[in-house]
Amino acid sequence: MVASAKKTQLFLGQPYRAGDAPDPGAGSIESVPHNTMHNWTGDTRQPNGEDMGNFYSAARDPIFFAHHANIDRLWHVWRGLRPGVNTDYADADWLDAAFLFYDEEARPVRVRVRDCLDPTAMGYAYQDVGLPWLDAKPAKKPAVTPAPATGALPATLGETVRVTVTRPLVSRSDAEKEAAEEVLIVEGIEVADHFKFVKFDVLVNEPESGAGTATGYCAGSVAMTPHMVRQNKKMGPVKTVARFGVCDLMDDIGADGHKTVVVSLVPRCSGELVTVGGVSIGYAN
């Protein structure tokens, strides 16, 4: 919400147009809290995690609407964190994308994205509540010797995989960081079974004593909610990319001047189903 999503494409996700390969990369809010909340609310006693734990059935649960209303509220909060900087896409392909819904009399109504971006125009406002989590970031850490990078990619995440990643630029000025966010890119993410919830965390320079629990070193998480029931297996493997802004994290863990960092991919749920192709550093303007 804050450190990893200072650019529109990091928060909202990558552009996706007709003809593109599917799943170019979701925004940070999609994995956490959106997908994780679906899984936490799903009923593990049901064969497919119904209702919230599977997209085919999620909207049958009344909590679905409260959950998505809160995701929209967080979108509204994100815009206000840095007014004029945290902005929505201005691309007409996105603004004019349209969807069909049924109104209260069961008549189809076409709604464009641009019609839904201003809560005031739609006749509501979000309650002004406290945001204590804004200042809940972990304290800055002293530079440490990270756990050794003994793994190699591509790899399946049956266990934690640690790899060394080279940073093209180090010790940039605050102005340079504001202009171009450093982005940790986890590429070639492939999930063999899209009927199960999968999740893994991405940590940077986790100390040897951390063993996957040093949350102050976490760049973000990849979480993917099941999309279909088991009886319908037409989708094939899910393939995507994850991106996390890490300028603040590099400062907080004392790694801003390091030419290389160790990235740990820590499986949390069904890691044996996840393959990662590579990890690299890029920049988002």
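The model is a prediction, so local features need pLDDT of at least 70 and side-chain atom pairs count only at pLDDT 80 or more, while totals for chains, interfaces and linings use all residues. Residues are numbered from 1 along each chain as its sequence is written, and side-chain values use heavy atoms, with hydrogens and water left out.

Helices (H or I, at least four residues) and strands (E, at least two) are DSSP runs, numbered from the N terminus. Burial is judged by relative accessible area: buried means under 20%, exposed over 50%, and partly exposed in between, with a 1.4 Å probe and protein chains only.

Strand E7 (residues 218-224) runs antiparallel to E6 and is joined to it by 6 bridges; Lys 199 has Ala 223 in E7 as its bridge partner.

Elsewhere in the chain, strands E1 (residues 98-102) and E2 (residues 108-112) are an antiparallel pair with 5 bridges. Leu 100 has Arg 110 in E2 as its bridge partner. The two strands form a hairpin with 5 residues between them, and in the turn Ala 106 has a positive phi of about 65 degrees.

Attention now turns to the aromatic rings. A pair of aromatic rings is described by the distance of the centres and the angle of the planes. Rings of Phe, Tyr and Trp (its six-membered ring) pair if their centres lie within 6.5 Å; planes under 30 degrees apart count as stacked, over 60 as edge-to-face and the rest as tilted. By this rule there are 5 aromatic pairs. One of them joins Phe 64 and Phe 65 edge-to-face, with 5.2 Å from centre to centre and 80 degrees between the planes. Phe 64 is buried at 17% relative accessibility, whereas Phe 65 is exposed at 52%. Trp 75 and Trp 94 make a tilted pair, because their ring centres are 6.4 Å apart and their planes stand at 50 degrees. Trp 75 belongs to helix H3 (residues 63-81) and Trp 94 to helix H4 (residues 92-95), so this pair ties together parts that are 19 residues apart in sequence. Trp 94 is partly exposed, at 24% relative accessibility. Together, Trp 75, Tyr 89 and Trp 94 form one aromatic cluster.

A salt bridge is a side-chain nitrogen of Lys or Arg within 4 Å of a carboxyl oxygen of Asp or Glu, and the structure holds 20 of them. In one, Arg 17 meets Asp 91 at 2.3 Å, N to O. Arg 17 sits in the loop between helices H1 (8-12) and H2 (28-41), and Asp 91 in the loop between H3 and H4, 74 residues apart. Both are partly exposed, Arg 17 at 35% and Asp 91 at 30%. Glu 178 and Arg 82 form another salt bridge, at 2.8 Å, N to O. Glu 178 lies in helix H5 (residues 174-179) and Arg 82 in the loop between H3 and H4, so the pair connects parts 96 residues apart in sequence.

Arg 167 and Glu 182 also form a salt bridge, with their closest N and O atoms 2.8 Å apart. Arg 167 is in the loop between strand E4 (161-166) and H5, and Glu 182 is in strand E5 (residues 181-191). Arg 167 is buried at 1% relative accessibility, and Glu 182 is buried at 2%. Salt bridges that share partners join Arg 167, Lys 177, Glu 182, Asp 251 and Asp 256 into one network.

Technical notes: Two strands pair if DSSP finds at least two bridges between them.
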